[in-house]
Amino acid sequence: MSTMDDFFADFNVPELTAGVDEVGRGPLCGDVVTAAVILDPENPIAGLNDSKKLTEKRREALFDEIQKKALSFCVARASVAEIDDINILQASLLAMHRAVAGLSIQPEYVLVDGNKVPKWQYKAEAVVKGDSRVPAIAAASILAKVTRDREMVALDSVYPGYGIAGHKGYPTKVHMEALQRLGVTPIHRRSYAPVRAALESE
């Protein structure tokens, strides 16, 4: 991963820049969770990377370090109802908007993982594979993933039998079979085809 200084030099963006990422577009259940992070150039964090490329133990350690060292951070979400109402892409963009709006320091610039930027007042750009290239986006991906993973583990005890703690809501074989066997829960996204199919078979 490039250092923060390298990225600023390459992209010519100000230091007061927020990185934004989301977690949870693919799962069949649960909220989509986003985070926005403004890192402190004077207080660097070693080992930032795409959250999916880190071990759970490393993510958990970085989760705490990011919250202690960042200039500002905010974790936000869009609900299952919102996902079903406006679709997952729009819900993800809405959650990103909420995360940046929730920062205690308003950024001069925003870098968003992926290829789409929400419609907002901030100067911004999308960065494909940004969670592997931009430290602030990597930090956001870690906050979002750890937050969502913890929530899914908690929901496993509320809705036992689906294996949510293991697959975190993604459409694994275990999850698909449980949907057919146990039915659809309030946390499932009814706009997703496998969930609709399970509803139709009830």
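**Reading the sheet, strand by strand**

Author: In this predicted model, Thr34 stands opposite Ala76 in S3.

Reader: What makes S2 and S3 a pair?

Author: Two strands pair if there are at least two bridges between them. Strand S2 (residues 32–38) and S3 have 7 bridges, so they count as paired. The sense is antiparallel. Val33 belongs to this pairing too, with Arg77 in S3 as its bridge partner.

Reader: Why is S3 called an edge strand?

Author: The sheet is open, with 5 strands in the order S3-S2-S1-S4-S5 and mixed pairing. Strand S3 (72–78) and strand S5 (124–127) each pair on one side only, and they are the edge strands. From one strand to the next, the twist averages 20 degrees.

Reader: How do you know that helix H4 packs on the sheet?

Author: Contact means heavy atoms within 4.5 Å. Helix H4 (residues 88–101) touches strand S1 (17–23), S2, S3 and strand S4 (109–113), so it packs on the sheet. The direction of H4 makes about 35 degrees with that of S2.

Reader: Which strands does helix H6 lie across?

Author: Helix H6 (residues 135–158) lies across S1, S2, S3, S4 and S5. H6 runs at about 35 degrees to S1.

Reader: Why are some side chains of S3 called buried?

Author: Buried means under 20% relative accessible area. Ser72, Cys74, Ala76 and Ala78 are buried, so each falls under 20%. These four point to one face.

Key. Residues are numbered from 1 along each chain as its sequence is written. This is a predicted model: local features need pLDDT of at least 70, side-chain atom pairs count only at pLDDT 80 or more; totals for chains, interfaces and linings use all residues. Side-chain values use heavy atoms; hydrogens and water are left out. Helices (H or I, at least four residues) and strands (E, at least two) are DSSP runs, numbered from the N terminus. Axes are lines fitted to C-alpha atoms, for helices over the stretch in contact, and angles run from 0 to 180 degrees between N-to-C directions. Buried means under 20% relative accessible area, exposed over 50%, partly exposed in between (1.4 Å probe, protein chains only).
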